[in-house]
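Subject: Structure handover

Hello,

Here is the structure I promised to pass on. Please open it alongside this note.

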Number of protein chains: 2
Amino acid sequence: MTAYPKMSAEERKAEYARVSREYEELKARGLNLNMARGKPGKAQLDLVSDIFQLMQRPEDYVSDGIDVRNYGELPGLPAARRLFAEILGCRPEQVFVGGNASLQLMYDTISKAYTHGLLHSPRPWCREPAVKFLCPAPGYDRHFKITESFGFELVTIPMTDAGPDMDAVEAAVRDPAVKGIWCVPKYSNPDGIIYSDETIRRMAALKPAAPDFTIMWDNAYCIHEFEGDYVEFPDILSACEQAGSPDMVFEFASTSKVTLPGGGISCFACSQANLAYMEKLMSIQIMSFDKVNQQRHVLYLQDKAHTLALMKKHAVIMGPKFRCVVESLDREIAPLEIASWRWPKGGYFISLYAMPGTAKRTLELCKAAGVTMTDAGATFPYGKDPQDSNIRIAPSLPPVEELEQAIAVLCTCLKLSALEELGV
Amino acid sequence: MTAYPKMSAEERKAEYARVSREYEELKARGLNLNMARGKPGKAQLDLVSDIFQLMQRPEDYVSDGIDVRNYGELPGLPAARRLFAEILGCRPEQVFVGGNASLQLMYDTISKAYTHGLLHSPRPWCREPAVKFLCPAPGYDRHFKITESFGFELVTIPMTDAGPDMDAVEAAVRDPAVKGIWCVPKYSNPDGIIYSDETIRRMAALKPAAPDFTIMWDNAYCIHEFEGDYVEFPDILSACEQAGSPDMVFEFASTSKVTLPGGGISCFACSQANLAYMEKLMSIQIMSFDKVNQQRHVLYLQDKAHTLALMKKHAVIMGPKFRCVVESLDREIAPLEIASWRWPKGGYFISLYAMPGTAKRTLELCKAAGVTMTDAGATFPYGKDPQDSNIRIAPSLPPVEELEQAIAVLCTCLKLSALEELGV
C-alpha cells in the first residue's frame with residue numbers, strides 16, 4: 001500500500017471510494033462500542049471479586065488494636081498506610097488513606113489550597129489576583145478540569161518522550177502566579193510515557209517563585225504494567241526532600257485499577273509537615289474515610305509482592321487488548337503514514353496522533369458508526385488540541401472481539417479523514 | 001436532701017467536705033472512661049456485622065442493570081437513592097448518595113458555596129465581603145466548626161423546646177449576609193428536641209434577604225428512637241416546595257448509626273434543580289462514591305420497615321444506657337436543684353444544664369477523675385458557652401457497667417462545682 005501523502009490525486013480518489021464503501025459497511029452493522037474511558041472490563045472485576053469473601057471473622061474487624069468499624073483514625077488504618085507506603089516507596093507516616101477515589105483527594109487538595117491555602121501559602125488561592133497551573137499535554141482531562149473549574153489559567157507544557165518539557169517547566173515556574181503542575185509520571189495518561197530519571201530530578205529540583213508551588217504527582221499507574229515485569233520507579237517524596245523542597249509535592253494513588261474501580265481505596269502521600277497541615281483541615285470535614293474497606297484491602301492485597309502478583313493477572317486480561325489495538329494500527333495505518341502512536345507497556349491508554357486537523361473529524365465518523373471514543377481535544381487544556389491531532393484510545397472495557405470491531409472502525413475513520421484532509 | 005441553694009453556709013460546708021471525700025475515692029479508682037462523642041458501642045457494631053456476609057453471589061454485583069463494581073453513576077445507585085428517599089419521605093430523584101460520611105457532604109456543600117456558589121448565588125461566597133451563618137445553640141460542634149473554618153461569622157440562635165427560636169431566625173435572615181442555618185431537626189444534638197410542626201412550617205416559609213440562603217438540615221437521627229415507637233417526621237423538601245422555596249434546603253442523613261460508623265453510606269437530598277447544579281460541580285470531583293458499599297447497604301437494609309426493625313435492636317442496646325444516665329441524674333442531682341436536663345427518646349445525647357458558671361469546672365474535675373466528656377462550650381459557636389452551663393453527655397460508647405461509674409463521677413463533680421460556685 002502506498003502512503004497516502006505519496007499517492008497521486010487519482011489514487012487517492014480511488015482509495016477514498018474504497019474506504020467509503022468499507023465505512024458504510026461497518027456503519028450498517030449498527031455497532032455500539034465504547035473506548036472512551038479507562039474503565040476496567042468485566043473480566044477484571046470478576047478477577048478480584050473474591051475480595052467480598054473477606055471480613056468474616058471478628059478478628060478481621062480489628063487492625064493494630066483499632067476497631068475498623070467505628071469512627072476515628074482520620075489518616076486511615078496504619079496497616080493501609082503501610083501498604084500504600086510499600087507500594088509507593090515512601091514512609092507510612094507520609095500516607096493519608098482516603099475513600100474510593102483518588103480524584104476526590106486531588107480535588108480536595110486543590111480546593112483546600114483555594115479556600116484555606118497550603119502549608120506555605122501566603123494566602124488562600126482564592127485571594128490571589130490570578131493562579132496559573134501547568135498542564136503537560138496531552139494529559140488527563142479530569143486533572144485539567146479540576147484546575148479549570150477553580151478558574152485557574154491552564155498553561156500547556158509540551159510532553160516529550162521523557163515526560164514534560166522541563167525547560168518549559170523551569171521557565172514557567174519563574175512566574176509567581178504559577179502554583180503547580182499536574183503529572184502522571186508512570187505510564188502517563190494518555191501517552192504511556194515513563195518520566196525519565198533526569199525529568200524527575202529536575203522536577204524535584206525546581207525552585208519556583210511561588211512558595212506554595214505544588215507538584216500534583218498522580219501515580220495512577222504505579223504498578224500497572226500489562227506487558228513485561230514491574231518497573232521500579234523513584235519515590236518523588238525522597239527526591240523532593242533531597243532537593244531541599246520536601247513540601248513541594250503531593251503524590252496520589254488508588255486501587256481503582258487493582259481491585260474495584262467503584263469500590264477501591266485511595267491515598268495521598270506527602271511530607272509529614274504537609275500531612276499534619278492537611279489533617280488539621282480535614283478533621284473539620286470527616287472523621288475518617290471508610291476504614292472497613294481499607295481493612296478489606298489490607299487483607300486482600302497483603303503487601304507489595306502479593307499486589308504485584310495480582311497485577312500480573314490483570315495483565316493477562318489487559319495485554320491482549322492493547323496488542324489488538326496496536327497490531328491493528330501497525331498493520332492498517334502504519335504503511336499509510338497518516339498517524340503515529342507508541343506501544344506502551346502499562347497504563348490504560350494508547351495515544352494516537354492522527355494527521356493534524358483530522359482528530360475531530362475521525363471521532364465524528366467513529367461516533368456515527370457506533371464507536372464512542374474520548375472527545376478529540378480532551379487531552380489538552382480547555383479541551384482544545386491546537387493541532388487537532390491527538391486521539392486517546394481506551395481499550396480496557398470491551399472484550400477483545402468487540403475491540404477488534406471498534407478498532408476496525410477507527411482505522412477506517414482515520415483513513416477517511418486523512419483522505420479528506422489531503423484532498424480527494 | 002436539701003437543695004444546695006437553700007442550704008445554710010454551715011450545711012454547704014459539711015456537704016462540700018462529704019462530697020470532696022467521695023470525689024477523692026472515685027479519683028483513686030483510676031478510671032479511664034469516655035463519654036465525649038456519639039460513638040456507638042461494640043455491641044452495636046457486632047449487631048450489624050452480618051452485613052459483611054452479603055455480596056457473595058454474582059447477581060449481587062448488579063443493581064438495576066448497573067455493575068456496582070465499576071465506575072459511574074455519580075448520584076449513586078438508584079436502589080440506594082430509593083432507600084434513602086423512603087426513609088426521609090422524599091423522592092429518589094432528589095437524593096444523592098455519598099460515601100461513609102454525611103459530614104463530608106455537608107462540608108462539601110459549604111465548600112462549593114464558598115468556591116463556586118450555590119444555584120442562586122450572585123457570586124461564590126469567597127467573593128462576598130462577609131458571610132454569616134445561623135447556629136442554633138446548643139448545637140453540634142462539628143457543624144459550627146465547618147462554617148467557622150471558612151471564616152464565616154457564627155450567629156447564635158437560642159434553642160427553645162420546639163427547636164430554634166424562629167422569631168430570632170426570621171429577624172436574622174433580613175440581613176443579606178446571612179447565608180444559612182444549621183439544623184438537627186429530630187432529636188437535636190445535644191438537646192434531643194424534635195422541631196415542632198410550627199417551627200418547620202416557619203423555617204420553610206422563611207423569605208431571607210440572601211437569594212442563596214440555605215437550610216443545612218442534618219437529619220442525623222431521623223430513625224434513631226431508643227425509647228418507644230418510630231416518630232413520623234415531615235419532609236422538609238416538600239415543606240420548602242410548598243412554601244415556594246424548593247431550593248432553600250439541603251437535607252443530610254447517613255447510616256453511620258444504623259450500620260457502621262466507619263463504613264456506612266450517606267446522602268444529601270435537595271430539589272432536582274439543586275441536585276442538577278451540584279452534580280455538575282461534583283462531576284469534576286469524583287466519578288461516584290463507593291457503589292459497592294451502597295449495594296451492600298441496599299441488600300442489608302432492604303427498605304424503611306426493615307431498617308426500622310433494625311433500629312429497634314439498636315434501641316435495646318441504647319435504651320438502658322440513656323436510662324442509666326437520666327435515672328442517676330434524677331436520683332442524685334434533681335433534689336439538689338443545681339442542674340436540669342431532658343429525657344430524650346432518641347438521638348445520641350443528653351444535654352445537661354449545670355449551674356451557670358460551673359460547666360467548665362465540672363468537666364475539669366471529671367477529667368482529673370478519669371472521665372472524658374465533650375469539652376464545655378463545644379455546643380456553642382466558637383466553643384464559648386456564654387452561661388458556661390451546657391454539658392453534652394454521650395452515653396453510647398461505654399457498656400452500662402462503665403457508664404454507671406462514669407455518671408457517678410459526673411454527679412459528684414456537678415455537686416462539687418456547684419458548691420464551689422455557691423461558696424463554701
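The model is predicted.

**Chain A overall**

Chain A holds 13 helices and 15 strands. Its radius of gyration is 23 Å, close to the 22 Å that the globule rule gives for 424 residues, so chain A is as compact as a globular protein of that length. Along the principal axes, the C-alpha atoms of chain A fill a box of roughly 75 × 55 × 30 Å. Of its 424 residues, 62% count as buried. Now the contacts in chain A between residues at least 6 apart in sequence: 76% of them join residues at least 24 apart.

**The three-stranded sheet in chain A**

One open sheet in chain A has 3 strands, in the order β12-β13-β15. The pairing is antiparallel. Its edge strands are β12 (339–341) and β15 (390–393), and each pairs on one side only. Neighbouring strands are turned by 25 degrees against each other on average, direction ignored. Strand β13 of chain A covers residues 350–354. It pairs with β15(A) over 4 bridges, in the antiparallel sense.

**The three-stranded sheet in chain B**

Chain B has an open sheet of 3 strands with the order β12-β13-β15 and antiparallel pairing. At the edges stand β12 (339–341) and β15 (390–393) of chain B. Each has a single partner strand, so one side of each is left without a neighbour in the sheet. From one strand to the next, the twist averages 25 degrees. Here the β12(B) side is worth a look. β12(B) and β13 (residues 350–354) of chain B run antiparallel and are joined by 3 bridges. B:S340 has B:Y353 as its bridge partner in β13(B).

**A parallel pair in chain B**

Strand β5 of chain B runs over residues 132–137. Of its 6 residues, 5 are buried, so β5(B) is largely enclosed by the rest of the structure. β5(B) pairs with strand β6 (residues 153–160) of chain B in the parallel sense, over 6 bridges. B:C135 stands opposite B:T156 in β6(B).

**Helix α7 of chain A**

Helix α7 of chain A spans residues 197–204. Buried residues in this helix are A:T199, A:I200, A:R202, A:M203 and A:A204. What do the buried residues of α7(A) pack against? Three strands of chain A are on the list: β7 (163–164), β8 (178–183) and β9 (214–218). So are the helices α6 (166–172) and α8 (236–242) of chain A.

A:S111 is buried, with a relative accessible area of 6%. Leaving aside its neighbours within four places in sequence, A:S111 is in contact with A:F150, B:S111 and B:T115. Keep both chains on display for this one.

*A:D64.* Its place is the loop between β2 (62–63) and β3 (66–67) of chain A. Is A:D64 buried or partly exposed? A:D64 is partly exposed, at 47% relative accessible area. Neighbours within four places in sequence aside, A:D64 is in contact with A:P78, A:A79 and A:R82. A:D64 and A:P78 lie 14 residues apart in sequence and 7.3 Å apart in space, C-alpha to C-alpha. With A:R82 there is a polar contact from side chain to side chain, at 3.2 Å.

*B:Q295.* This glutamine belongs to helix α10 (residues 291–301) of chain B. B:Q295 is buried, with a relative accessible area of 4%. Its side chain reaches the backbone oxygen of B:D60 at 2.7 Å. Apart from neighbours within four places in sequence, B:Q295 is in contact with B:M55, B:D60, B:V62, B:S63, B:V68 and B:L77.

Best wishes

Definitions and conventions
Residues numbered from 1 in each chain as written. Chains lettered and ligands numbered in written order. Predicted model: local features only at pLDDT ≥ 70, side-chain atom pairs only at ≥ 80, totals over all residues. Heavy atoms only, no water. Pairing = 2+ DSSP bridges. Helix = DSSP H or I, 4+ residues; strand = E, 2+ residues; numbered from the N terminus. Axes fitted to C-alpha atoms, helices over the stretch in contact; angles between N-to-C directions. Rg over C-alpha atoms; globule rule 2.2 N^0.38 Å. Buried < 20%, exposed > 50% of the residue type's maximum accessible area, 1.4 Å probe, protein only. Contact = heavy atoms within 4.5 Å. Polar contact = N/O pair within 3.5 Å; in protein donor to acceptor, adjacent residues only side chain to side chain.
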